[in-house]
Amino acid sequence: NSSDLSPSSFILASIPGLEAAHFWMSILLCSMYVLAVTGNCVVMLIVKMEPSLHAPMYFFLCMLAAIDLALSTSTVPRILSFYWFDTREISFGACLVQMFLIHTLSAIESTVLLAMAVDRYVAICHPLRHAAILTNTTTAKIGLVAMARGILFFLPLPLLLLPLPFCSSRMLSHSFCLHQDVMNLACANTTPSVVYGLTAILFVMGLDAVLICLSYILILKAVLRLASWKERVKVFSTCVAHICVVLAFYVPLIGLSVVHRFGKDLAPLVHIIMGNVYILVPAVLNPIIYGVRTKQIQRRIL
């Protein structure tokens, strides 16, 4: 039966009853995408031009900006073509590639956020050793490890889906391809995909989140040992931008996971909004957060 074979394409989700509003939704989405691209490109350019920002924290920020650019570019243009030209179908191969990029880039971003937390810990708890521990070479190696880690952990996801037969339904619940979404359309035993997907998430994003929390517990202990309240606030304020960026990444990630796990009966609008928030909100907020918190970036922008 041809319906039991791998489909030639999947159908991207639209919001029932709101098809007429796609144009206006696309304007909002396009505006956010332009803002994300502009903001992240500006951050990378300023870090390159400003010698005082040639430090590990801002090199990590450049990595974050590059990841956000790649993540949003791998999804938003395809969503916009769906909204503008009603091209709802995405080929099976393109869907698997997009799925791999989304999960891999998210894993790399999570690793970079952990590296930034370690940078804050070393800068506050061991300031005299900071320059020796986090050199430019070490920073570059961390970036390569983050990339290799993301690829190795999430390359098996599309490979596990390739041999699966798919049922007649080809309708996704998002405007782009996610592993959980595609896997739910298979009409075969998906236990290996479920187990591996959960393991990869726990060993990458889950472990990174725990280590980030641990680093901030140690930072808080060091800050509370300082004599004056004014000095405590000054030292901890150097972490505020990173904390905001971590929340901007993990809150939509957790929200999307909860929607997939417990939100089967929720309206399609919730799935689509949560998916778009996960893809675009960190990319838009990250350059704004660091632009507001970093005086050198503010001066260069002006």
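Reader: How far apart do the end C-alpha atoms of residues 100–122 lie, and what percentage of the span is helix and what percentage strand?

Author: The end C-alpha atoms of residues 100–122 lie 33 Å apart, and the span is 100% helix and 0% strand. Helices (H or I, at least four residues) and strands (E, at least two) are DSSP runs, numbered from the N terminus. Before going on, a word on the ground rules: this is a predicted model, in which local features need pLDDT of at least 70 and side-chain atom pairs count only at pLDDT 80 or more, while totals for chains, interfaces and linings use all residues. Residues are numbered from 1 along each chain as its sequence is written, and side-chain values use heavy atoms, with hydrogens and water left out.

The span you asked about is one of those that UniProt, in an unreviewed entry, lists as "transmembrane region". The record also gives 20–46, 58–80, 142–166, 194–219, 240–263 and 269–292. UniProt positions are given here in the numbering of this model, with feature names shortened, and annotations may be inferred rather than shown by experiment. Residues 194–219 are likewise 100% helix and 0% strand, with end C-alpha atoms 36 Å apart.

Now to helix H4, which covers residues 92–125 and holds Cys125. With a relative accessible area of 21%, Cys125 counts as partly exposed, because buried means under 20%, exposed over 50% and partly exposed in between (1.4 Å probe, protein chains only). Leaving out residues up to four places away in sequence, Cys125 touches Leu218, Ile219 and Ala222; contact means heavy atoms within 4.5 Å. Ile288 is 163 residues from Cys125 in sequence, and their C-alpha atoms are 27 Å apart in space.

Another cysteine, Cys187, sits in the loop between helix H8 (179–183) and helix H9 (191–224). Cys187 is partly exposed too, at 31% relative accessible area. From Cys187 to Phe82 is 105 residues in sequence and 27 Å in space, C-alpha to C-alpha.

Two isoleucines give a view of buried positions. Ile79, in helix H3 (residues 76–85), is buried at 1% relative accessible area. Beyond residues up to four places away in sequence, Ile79 touches Leu29, Ser175, Phe176 and Asn276. Its C-alpha atom is separated by 10 Å from that of Ser14, 65 residues away along the chain. Ile297, in helix H13 (residues 295–301), is buried as well, with 1% relative accessibility. Setting aside neighbours within four places in sequence, Ile297 is in contact with Ile46, Leu53, Leu61, Tyr290 and Gly291. Ile297 and Ile46 are 251 residues apart in sequence, yet 6.5 Å apart in space, C-alpha to C-alpha.

Stepping back to the whole protein, the secondary structure comes to 13 helices and two strands. Of the 302 residues, 46% count as buried. Among contacts with a separation of 6 or more, 80% join residues 24 or more positions apart. The C-alpha trace spans about 70 × 40 × 35 Å along its principal axes.
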